Amino acid sequence: MKDKLKLISSRFSQQLSQVTSLADLDKLKLTYLGRKGEVNQLFKAMSRLDLADKRRIGPEVNRLKAKIEKALIAKARDLHSQTQTNLADAPLTAYLPASFGRLHPIEWLRQKTLNIFHRLGFIEFVGPHIENDWFNFAGLNIPPGHPARDLWDTLYLNLNDVKQEPLLLRTHTSNVQLRALKECGVPLRVMAFDRCFRREILDPRHSHTFSQFEVLVVDKGINMNHLKWLSDYFLKQILGDVTESRFRPKYYPFVEPGVGVDAKCVFCQGKGCQICSNSGWFEIAGAGMVHPQVLKNAGVDPDVYSGFAWGFGPDRMLMLKTGINDIRDLYQGDLWFLRG
Ligand code: DAH
């Protein structure tokens with residue numbers, strides 16, 4: 001199979017060097033990256049290999065695919081630069097062929113994640129970005145003055161109207177918990193993958209806008225085993241079978257008990273490496289059993305129903321999975337980054 005990869009790679013380079021028009025370039029793209037193209041054939045052939053071979057060959061096929069994509073884009077730019085006289089002034093979209101577009105990394109992960117949970121019977125619930133204090137804090141067991149509010153650097157909206165209740169940009173997707181429970185009732189399996197906002201000092205790991213994925217399950221007889229199973233299942237779907245989840249005790253006012261969910265590092269498989277700061281694990285979510293007071297706040301009887309909630313950081317996962325090293329790149333809409 002390795003020889004085949006080499007052969008495809010050199011045949012592609014040779015054919016690429018002979019391309020002189022965008023129409024031919026599109027044809028070449030189809031030959032290699034189309035649905036029935038060379039690269040997809042390789043992926044198909046790979047599915048017949050045993051696990052050890054798959055692990056060995058998989059990254060090579062991915063690398064070849066990335067190399068082909070990059071070379072096609074560079075060639076498209078070259079061909080355009082020959083026809084555009086003043087390239088520096090032309091907007092990028094004017095000379096990149098539309099066929100080179102692709103999903104934004106966050107949208108890609110969003111669709112993948114929602115698909116996984118749709119299959120498990122979850123419905124998506126869309127909550128507002130501008131929220132009131134109750135749904136974001138007080139109803140979740142974080143009353144005004146509670147020290148736990150310090151965990152969230154909140155952006156309040158100054159509407160110049162003292163009588164109006166304070167509004168804020170939601171600091172987490174947990175605001176959908178009470179909204180969904182009140183609107184849909186129990187039993188409930190609900191999820192939200194959306195943006196949140198905090199007052200942050202910006203750096204490569206902090207952005208004022210970021211994404212969260214929230215899951216809430218409330219039914220009779222729900223317990224921590226369900227939470228653990230779901231955490232493992234989700235991580236394996238996203239990061240592959242080599243990972244698993246680990247729980248550490250952690251405090252969140254709206255769950256009891258609360259846990260930090262760690263994923264076993266996929267790069268060193270738990271042995272410790274640079275990427276996981278030598279711990280073998282990295283934290284990816286907060287979770288726990290829904291606090292009885294939160295159920296009461298939603299009008300649900302905690303003696304009859306129980307549930308778990310789970311909040312996961314997709315940006316961090318994307319950074320780990322793809323090597324993106326500045327979270328701000330995910331939110332600035334820079335076409336050079338998105339296309340790269
Ligand atoms: N909302 C928490 C945060 O932003 C994350 C979280 C923790 C969500 C525990 C949950 C949970 O649903 O149960 O840090």
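Is Asp53 buried, exposed or partly exposed? Asp53 counts as partly exposed, because its relative accessibility is 25%, and the scale behind that word puts buried under 20% relative accessible area, exposed over 50% and partly exposed in between, with a 1.4 Å probe and protein chains only. Before the views, a short note on the model: it is predicted, so local features need pLDDT of at least 70 and side-chain atom pairs count only at pLDDT 80 or more, while totals for chains, interfaces and linings use all residues. Residues are numbered from 1 along each chain as its sequence is written, and side-chain values use heavy atoms, with hydrogens and water left out.

View 1. Helices (H or I, at least four residues) and strands (E, at least two) are DSSP runs, numbered from the N terminus. Arg56 is partly exposed, with a relative accessible area of 45%.

**View 2. Asp24 and Lys27 form a salt bridge**. Their closest N and O atoms are 3.8 Å apart. Because Asp24 and Lys27 are three residues apart in helix H2 (residues 22-33), about one helical turn separates them. Asp24 counts as partly exposed at 33% relative accessibility, whereas Lys27, at 56%, counts as exposed.

**View 3. Arg328 meets Asp326 in a salt bridge**. The N to O distance between these side chains is 2.9 Å. Arg328 is partly exposed at 25% relative accessibility, and Asp326 is buried, with a relative accessible area of 15%. Elsewhere, salt bridges that share partners join Arg246, Arg248, Lys250, Asp262 and Glu283 into one network. The structure holds 16 salt bridges.

**View 4. Thr171 lies in a loop and is buried**. The loop runs between strand E4 (167-169) and helix H8 (175-184). Thr171 counts as buried because its relative accessibility is 0%. Its side chain and that of Asn136 are joined by a polar contact of 3.0 Å; a polar contact is a pair of N or O atoms within 3.5 Å, where within protein one must be able to donate a hydrogen and the other to accept it, and residues adjacent in sequence count only if both atoms are side-chain atoms. Leaving aside neighbours within four places in sequence, Thr171 is in contact (heavy atoms within 4.5 Å) with Asn136, Phe137, Trp152, Thr154, Cys196, Phe197, Arg198 and Phe210.

**View 5. Strand E5 pairs with strands E1 and E6**. Two strands pair if DSSP finds at least two bridges between them. Strand E1 (residues 123-124) and E5 pair in the parallel sense over two bridges, and Glu124 has Met191 in E5 as its bridge partner. With strand E6 (residues 209-219), E5 runs antiparallel, joined by 10 bridges; here Asp194 has Gln212 in E6 as its bridge partner. Eight of the 10 residues of E5 (residues 188-197) are buried, so this strand is largely enclosed by the rest of the structure.

**View 6. Three strands form an open sheet in the order E2-E4-E3**. Their pairing is antiparallel. Strand E2 (130-132) and strand E3 (155-157) stand at the edges, each with a single partner strand, so one side of each is left without a neighbour in the sheet. On average, neighbouring strands of this sheet are turned by 40° against each other, direction ignored; the axes are lines fitted to C-alpha atoms, for helices over the stretch in contact, and angles run from 0 to 180 degrees between N-to-C directions. E2 and E4 pair over three bridges, and Ile130 stands opposite Leu169 in E4.

**View 7. Lys228 is found in helix H9 (residues 224-239)**. Lys228 is partly exposed, with a relative accessible area of 27%. Leaving aside neighbours within four places in sequence, Lys228 is in contact with Ser245 and Phe247. Lys228 and Ala287 are 59 residues apart in sequence and 9.9 Å apart in space, C-alpha to C-alpha.

Conventions
A salt bridge is a side-chain nitrogen of Lys or Arg within 4 Å of a carboxyl oxygen of Asp or Glu.
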